[in-house]
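Please look over the sequence and the model before reading on.

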Amino acid sequence: MIGIGIVKGLVQTAKNLIGTYTDKERLVTIEYPEERQPLTEATRQFPFLVYDGDDPMKGLRCTACQICEKECPPKCIYIVKSKDKRVDYKGQNQFYPAIYDIDYSVCMSCQICVEVCPFESIKMDTAFELSTADRFGGLLVNKHQLAKSNTHYHQIHPTEAAASDEAMNLERAKAAAKAKADVEAKAKAAAAKAAATPTASPEASPELPKPAAALPKMPM
Amino acid sequence: MASLDQIFVTLKEQLVQLFPAVLQPYVGVLLSIVAIMAVFPGIFALTTVVERKLLARFQNRPGPNRVGIPLTKIRLAGFGQFAADGIKSLTKEDIIPRNADRKVHFIAPFVLVVPAFLALSVLPIGRNMTALDFPETGLLFFFAIGAATELSVFMAGWSSRNKYSLLGAMRGIAQMLSYEIPLILSSLTVVMMVGSLSLVTIVERQTSVQWGFFHSWHVFTPWGFAGFLLFLTAACAEANRTPFDLPEAESELVAGYFTEYSGFKFALFFLGEYLGMFAISGVAISLFLGGWSAPFTFLDWVPSWLWFFGKLFAFILFFIWLRGTLPRLRVDQLMNLAWKFMLPMCLLNLLVVGVWHFTAEWNELLRWSLATVLLAGPYWLFSRSFEARFKPRTYRYAADSPAAPVVAPVAPQVPI
Amino acid sequence: MNFIFAILAGLTVGAAFAAMTLRNLVHCALCLTVSLIGLALLYLQLGAEFAGFVQVLVYVGAVAILILFAVLLTRGGEAPVGRITNSLGAGLLVAAAVFGVLAWAIIGSSALKALPKETPQPALLVKAVGDKLMGEFVLPLQGIALLLTAALLGAVVIAMREKSSPAGVAVDSRSATRNP
């Protein structure tokens with residue numbers, strides 16, 4: 001009969017109408033600024049730079065190797081290498097970024113910079129409320145704004161951060177082992193040399209960092 | 001309570017008395033106009049918010065609940081929304097397409113809104129409260145004024161020089177012309193029974209007491225019930241409400257005939273549509289639901305205008321409920337419904353009214369069962385033939401097996 | 001009273017003149033609608049409520065829309081480029097003849113003579129109209145109804161698609177063979 005289906009439909013929607021007032025579970029909408037959906041661990045928005053320790057600028061892992069700058073598809077990263085060097089987490093002398101800018105308005109969140117970075121330095125952040133009144137400068141962020149601590153990284157992506165720390169520890173251990181092996185090799189060579197010419201031993205310690213310093217140039 | 005019932009009538013009389021005798025008729029007219037121009041757009045403003053909120057609830061959403069008083073934290077459960085919408089449409093740029101027919105494009109919204117206000121003025125919104133009473137031709141005036149709606153739809157659609165607009169206008173006019181026939185035929189039943197075209201007389205006739213405790217509304221008779229349902233369906237189509245919102249089908253025609261309107265003219269179209277809905281609801285109330293009369297005699301102490309507006313709100317809520325429930329009809333389904341189901345049922349209903357009129361002396365039970373059988377039998381038969389027609393559609397190119405091309409049944413075209 | 005009549009008559013005649021002279025056919029049809037509304041208002045001014053509202057309902061609600069549809073479906077509502085007709089003299093002759101016949105009929109009609117100079121507005125009741133139609137003029141009414149029904153059926157027959165092959169698949173089967 002014509003009309004039965006209409007009545008059935010009306011009953012269904014009436015159930016919805018009353019149900020939304022009696023049963024809050026029916027309302028699927030999350031009222032955003034007050035309520036927030038918990039972010040999933042896979043959330044990725046824009047990149048940030050990780051630092052260790054307390055001082056963001058001193059602890060910055062970035063070595064200004066410029067791989068990310070070259071790989072970035074929309075070319076939104078701008079890096080200027082420092083003139084001087086400082087000791088990085090492996091105990092090796094490295095450059096650091098004098099300028100590190102990312103234009104968030106250009107960035108397409110492809111995460112390629114994260115994948116190519118050999119120093120576990122650039123990672124994806126979860127912050128998404130980035131609206132600004134300044135259309136041009138407001139989304140151009142410098143290294144001070146980009147620098148976020150490793151604890152922050154652990155908070156937003158715990159599993160990934162743990163893996164990253166592990167990889168870094170491995171690197172560090174490798175570097176330490178290599179340094180130790182080098183020292184021992186040097187010591188042995190020195191001993192051998194010393195055995196041959198006893199005056200050569202003081203030269204061994206200044207030469208120690210040299211093979212390690214050559215290491216970061218490898219991916220170029 | 002009688003004073004509360006007549007409070008607006010006495011208020012108007014008192015106000016008119018303040019003016020010199022020469023001006024009094026004009027002031028009286030002006031006061032009626034101001035009242036209509038203030039009350040119904042006010043209801044419109046409220047309806048826009050209520051509609052959005054209720055539609056959301058029908059779909060398990062909370063709906064608009066943000067806009068309240070500016071610069072404060074008070075949210076008023078979102079009921080400030082209509083003010084925000086109004087300010088937005090008032091201040092928005094009015095864009096007229098370069099190729100549009102500027103004059104016709106300009107006039108079209110007014111051709112819709114002015115008759116809508118005129119149609120509202122014949123409604124008896126309370127005891128002794130009718131702004132424009134035509135003792136001979138009240139209902140005829142309403143339908144005559146309704147004709148301007150079609151003209152406005154055509155003007156808007158044609159002058160915009162937009163294909164969507166023109167398509168919407170064509171659909172709109174076809175739909176309105178088709179559904180005007182069941183609308184008028186179903187209201188004719190009441191005219192036949194009452195013997196008057198005046199809405200005031202029709203309402204007064206329904207205030208007589210039946211069986212001791214309730215008023216003899218026309219909807220409480222077999223022909224009245226059938227007529228009410230037919231009128232309601234046709235009214236839905238005349239007011240372009242879902243499931244009959246083909247002329248402005250958002251998913252097909254952007255916004256139908258007012259696609260090319262923006263800013264305040266768009267708001268006028270919006271207002272006109274809603275005023276038309278209120279007017280046609282008011283006529284349905286006056287014809288079938290006893291106008292301003294209470295359903296039961298023990299509720300007679302409630303002021304009459306409160307009953308009218310209560311019923312009007314019930315109608316608005318029902319229309320919103322329908323919109324939240326039913327999907328849109330296809331054009332051929334729309335025409336089939338009007339010409340092959342509603343028109344025969346309306347004609348049959350006229351016959352039943354005649355039978356009802358001439359069997360006034362019969363036993364009530366016999367009379368009722370005769371009228372019910374006369375209406376329900378053909379209804380059942382029509383339903384069967386409709387169900388046979390509306391089998392699940394099969395599509396030739398979407399079918400799984402390309403071997404047997406299944407042609408979807410082509411509905412016969414009905415000339416308009 | 002006379003002032004209102006002057007306004008209404010001016011509106012009606014002006015709109016009719018515009019309907020005659022405008023180039024755009026849709027504009028012409030809309031002006032004709034205004035003219036018809038003016039006529040309805042004149043009826044109302046004479047106290048003939050029923051006739052006035054029926055005029056609006058039938059002419060504005062149906063006939064005007066029909067004209068507009070016809071204009072749109074035939075020539076797209078574009079303004080014609082050249083002159084519509086060259087036989088201005090013949091047109092004037094026909095117009096004068098029609099006007100003369102109508103004027104002669106109105107002036108010579110018995111109704112006009114029967115009316116006294118100063119008439120109170122007759123109470124034209126809808127019921128009286130109905131009684132007349134169902135009593136005195138029932139045969140003409142039935143005749144008109146029959147004629148209109150015949151016209152309606154004729155329109156349906158003309159508009160209906162021809163069914164040459166079973167169940168109206170003629171067009172569809174052709175297209176199906178074209179696009180297998």
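## Basis and confidence

This is a predicted model, in which local features need pLDDT of at least 70, side-chain atom pairs count only at pLDDT 80 or more, and totals for chains, interfaces and linings use all residues. Residues are numbered from 1 along each chain as its sequence is written, while chains are lettered from A and ligands numbered from 1 in the order in which they are written.

Two residues are in contact if their C-beta atoms, placed from the backbone, lie within 7 Å. Where pLDDT is low, the predicted coordinates should not be read in detail.

## Contact of chains A and B

Chain A gives 13 residues to the contact and chain B gives 14. On the side of chain B that touches chain A, the elements giving two or more residues are α3 (24–58), α12 (304–325) and α14 (364–389) of chain B. Helices here are DSSP runs (H or I, at least four residues), numbered from the N terminus.

## Helices in chains B and C

The axes of α6 (residues 138–159) and α7 (residues 163–194) of chain B come within 8 Å and cross at roughly 170°. Axes are lines fitted to C-alpha atoms, for helices over the stretch in contact, with angles from 0 to 180 degrees between N-to-C directions. α6(B) and α7(B) are therefore roughly antiparallel (angles over 145 degrees).

Helix α7 (residues 138–159) of chain C has 22 residues and reaches 31 Å from its first C-alpha to its last, close to the 32 Å expected at 1.5 Å a residue (1.5 Å times one less than its number of residues). Of the 22 residues of α7(C), 0 are buried, so this helix lies largely in the open; buried means that 20 or more other C-beta atoms, placed from the backbone, lie within 10 Å of a residue's own.

Key. Buried ≥ 20, exposed ≤ 12 C-beta atoms within 10 Å, placed from the backbone. Parallel < 35°, antiparallel > 145°, perpendicular 65-115°, else oblique.
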